[in-house]
Each structure stands twice: as structure tokens, then as C-alpha cells.
Amino acid sequence: MKATIQELEGKYVATLEGELDTAAAEEVEQVLKPLYKSDGRDVIIDCTRLDYIASSGLRILISILKGAKAAGSKVVMKNLNDDIKNVFKITGFISLFDFE
């Protein structure tokens with residue numbers, strides 16, 4: 001699992017690659033923790049190469065969302081495959097995030 005953050009056009013862009021399972025969650029959380037305080041910038045989570053997400057990964061995304069909303073920002077989930085989008089539907093998270 002690989003996670004990166006970059007700043008692009010005044011937004012934070014996080015890229016997730018691989019399987020965000022329980023084993024990878026702690027390391028990914030450390031990489032993405034700066035996004036918990038988005039400082040008023042929108043956050044884009046690029047999931048083009050994300051193959052799987054477990055509940056521990058969803059917890060990280062919710063933490064990012066809470067921080068962003070508190071700062072008046074939004075979190076946009078981008079390029080989810082059908083399986084991951086289905087996880088968001090089943091859990092009800094589909095109504096919490098914006099999608100592109």
C-alpha cells in the first residue's frame with residue numbers, strides 16, 4: 001500500500017495505491033494525518049489505483065472529513081472503482097463525501 005500527499009492548485013491531493021486493509025492502515029494514517037487539519041483547503045482523495053478498502057481505511061477517511069468540515073473545506077473522492085464505490089454505498093458513506 002502506498003499513500004502520498006501533494007499540494008496542487010491550493011488543494012491537498014492524496015493518492016492511494018494498493019489495498020488499504022487493516023495491516024496497512026496504521027502506516028497510511030501516519031502519512032495522511034496532516035490532512036486531519038486541512039487549514040481550509042479542499043482535499044481530493046485520488047483512488048485511481050486503490051484496489052480495496054477495509055473499515056480501518058474508512059475510519060481514516062472519516063477523520064479527514066471531520067477535520068475538513070470543521071475548517072470549512074470539502075473532501076472529494078475521485079476515481080473509485082465499482083467495488084470500492086459499492087463499499088461506500090453499503091456503509092452509507094456515499095452521502096457523506098463528494099465524488100468525481
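Trainee: Is Glu9 buried or exposed, and what is its relative accessible area?

Mentor: Bear in mind that this is a predicted model. A residue counts as exposed when its relative accessible area is over 50%. Glu9 has a relative accessible area of 77%, so Glu9 is exposed.

Trainee: What secondary structure does the protein have, and which pattern does the protein follow along the sequence?

Mentor: The protein comes to three helices and five strands, and reading along the sequence gives the pattern β-β-α-β-α-β-α-β. Among contacts between residues at least 6 apart in sequence, 67% join residues at least 24 apart.

Trainee: How does the radius of gyration of the protein stand beside that of a compact globule?

Mentor: A compact globule with 100 residues would have a radius of gyration near 13 Å, and the protein has 12 Å, which agrees. Taken along the principal axes, the C-alpha atoms fill a box of roughly 30 × 25 × 20 Å, and buried residues make up 41% of the 100 residues.

Trainee: Which residues of the largest nonpolar core touch the most other members?

Mentor: This core has 29 residues, and those touching the most other members are Leu16, Leu32, Ile45, Ile64, Val75, Met77 and Phe88. Two or more residues each are given to this core by strand S2 (11–20), helix H1 (22–32), strand S3 (43–53), helix H2 (55–70), strand S4 (75–78) and helix H3 (82–91), with the largest share, six residues, coming from H2.

Trainee: With which residues is Met77 in contact, leaving aside its neighbours within four places in sequence?

Mentor: Leaving those neighbours aside, Met77 is in contact with Ile45, Cys47, Leu61, Phe88, Phe97, Asp98, Phe99 and Glu100.

Trainee: How should I read a pocket, and which residues line the largest pocket?

Mentor: The general idea is that rolling a probe the size of a water molecule over the atoms shows where empty space is left. Here the largest pocket has a volume of about 180 Å³, and its lining is made up of Leu8, Glu9, Lys11, Val13, Asp42, Ile44, Asp46, Lys74, Val76, Lys78 and Glu100. At least two residues of that lining are supplied by each of S2, S3 and S4.

Trainee: How many residues of that lining are nonpolar, polar and charged?

Mentor: The lining of the largest pocket divides into four nonpolar residues, no polar residues and seven charged residues.

Key. Residues are numbered from 1 along each chain as its sequence is written. This is a predicted model: local features need pLDDT of at least 70, side-chain atom pairs count only at pLDDT 80 or more; totals for chains, interfaces and linings use all residues. Side-chain values use heavy atoms; hydrogens and water are left out. A nonpolar core is a set of buried Ala, Val, Leu, Ile, Met, Phe, Trp, Tyr and Cys residues joined through side-chain atoms within 4.5 Å. Buried means under 20% relative accessible area, exposed over 50%, partly exposed in between (1.4 Å probe, protein chains only). Helices (H or I, at least four residues) and strands (E, at least two) are DSSP runs, numbered from the N terminus. Contact means heavy atoms within 4.5 Å. On a 1 Å grid over the protein atoms alone, a cavity is a set of points where a 1.4 Å probe fits but cannot get out, and a pocket is an open set with protein on both sides within 12 Å along at least five of seven lines; lining residues have an atom within 4 Å of a point. Grid points are joined across faces, edges and corners, and a volume is the space filled by probe spheres set on the points. Ala, Val, Leu, Ile, Met, Phe, Trp, Tyr, Cys and Pro count as nonpolar, Asp, Glu, Lys and Arg as charged, and the others, Gly among them, as polar. The radius of gyration is taken over C-alpha atoms; the globule rule is 2.2 Å times the number of residues to the power 0.38.
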